[in-house]
Amino acid sequence: MASSIGNTAIKRIRADVREMMTDPSDQYYAAPLESNMFDWHFTIRGPRDTEFEGGIFHGRILLPSEYPFKPPNIILLTPNGRFEVKKKICLSISAYHPEHWQPAWGVRLILEALISFMPTKGEGAIGALDFTAEERKKLAKESVVWSCPQCGSIKDLIPEETKRDKPVESKYASQIAQLHIHNMEGATPSTPSEETSSEEEATPTEKPMATSSDADESPQSEAAPVPASVAAAAPVQPVAPAVTIPAPAPARAPSSDVVDNVLQGIATALIVAFLALLYKKLLQLNGSIE
């Protein structure tokens, strides 16, 4: 079973890579590390007509070994004022909410959803920030010179932006809108994740099994760490079993059979007494005749 899931993940990741290469976007770019197919680095542009416009932001998508059946962890690396850096963020598209995830979704939808979430309020979610608009504009300007230790200058990673009068509507618009509804519900995360203080702590450490045909492209022995629960389960109070007190049996009237038996006994006794008296009289009569 584990081998089958691992092979499915690898095939799906390859499909995501082909999609990103054959249909690139000027709003985002992403690719897995050569050493680990489950560790993706992405670069996105700040959404237009927001305080993030003009900014370029870099981060990581950590795909689980059960991908695409389970959602990824998402980490921002560039300071942006909306999400904390080097920390797994809580969104309805991330591993904090597997109940909203659909296996048909992939890296492209994750990136487009992430861009759409940037102008929204943090609402106290894990990894969220609510910087002022001025602070975010300042960070957006500074972000274009940010460089990733593994990828290099991030402004050179993303395709040049095409000038348009209005943005092109995403083919995932309906799914992303539904994710926003889930995000506004403010549900408690069902898969809490630990904060990562360094890139090494956020690096996957588990490797799914691959077939021999996939050996040359199998991921390194790294996978996203299993998030540790931060909430202690409330103790369960024992429930005393219900005690059933039997109701007293209702008083029963004397049975008619008993009455009949008593009457029959009296009648029999009278008959016997009568016969005895009759026998005595006969004896007396016989003695007088003699």
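User: In what order do the four strands of the open sheet come, and what makes two strands a pair?

Analyst: The order is β1-β2-β3-β4, with antiparallel pairing. Strands here are DSSP runs of E with at least two residues, helices are runs of H or I with at least four, and both are numbered from the N terminus. Two strands pair if DSSP finds at least two bridges between them. Six bridges join β1 to β2 (residues 36-45), seven join β2 to β3, and four join β3 to β4. Each of those counts meets the cut-off of at least two, so they are called pairs. If you want residues to look at, A30 stands opposite F42 in β2, F57 in β3 is the bridge partner of I44, and I61 faces I74 in β4.

A word on ground rules: this is a predicted model, local features need pLDDT of at least 70, side-chain atom pairs count only at pLDDT 80 or more, and totals for chains, interfaces and linings use all residues. Residues are numbered from 1 along each chain as its sequence is written, and side-chain values use heavy atoms, with hydrogens and water left out.

User: Why do β1 and β4 stand at the edges?

Analyst: β1 (28-33) and β4 (73-76) each have a single partner strand, so one side of each has no neighbour in the sheet. From one strand to the next, the twist averages 25 degrees.

User: How do you know that α2 packs on the sheet, and what does contact mean?

Analyst: Contact means heavy atoms within 4.5 Å. Helix α2 (residues 107-117) touches β1, β2, β3 (56-62) and β4. The direction of α2 makes about 35 degrees with that of β2. For such angles, axes are lines fitted to C-alpha atoms, for helices over the stretch in contact, and the angle between N-to-C directions runs from 0 to 180 degrees.

User: What makes R60 buried or exposed?

Analyst: Buried means under 20% relative accessible area, exposed means over 50%, and partly exposed is in between (1.4 Å probe, protein chains only). R60 has 2%, so it is buried. R60 lies in strand β3, and seven of the seven residues of β3 are buried. I56, H58, R60 and L62 point one way from β3, while F57, G59 and I61 point the other way. In a regular strand the side chains alternate between the two faces of the sheet.

User: And what joins the side chains of R60 and D39?

Analyst: A polar contact of 2.6 Å. The term covers a pair of N or O atoms within 3.5 Å; within protein, one must be able to donate a hydrogen and the other to accept it, and residues adjacent in sequence count only if both atoms are side-chain atoms. At 2.6 Å, the R60–D39 pair is within that limit, so the name applies.

User: Which residues of α4 are buried, and why are they put on the same side?

Analyst: I176, L179, H180 and H182 are buried in α4. They cover an arc of only 160 degrees around the axis, which puts them on the same side of α4; the arc is that of the directions from the helix axis to the C-beta atoms. The buried residues of α4 pack against α2. On the other side of α4, S174, M184 and E185 are exposed.

User: Why does T120 count as it does for accessibility?

Analyst: T120 has 22% relative accessibility, so it counts as partly exposed. T120 is found in the loop between α2 and α3 (133-143). Leaving aside residues up to four places away in sequence, T120 touches R82 and H180.

User: What is the phi of D49, and what is the phi of E123?

Analyst: Phi of D49 is near 60 degrees and phi of E123 is near 55 degrees, each a positive value in a residue other than glycine. Most residues other than glycine have a negative phi, and most peptide bonds are trans. D49 is in the loop between β2 and β3 and is exposed at 72%. E123 is in the loop between α2 and α3, exposed at 65%.

User: Which form does the peptide bond from Y67 to P68 take?

Analyst: That bond is cis, with omega near 10 degrees. P68 is in the loop between β3 and β4.
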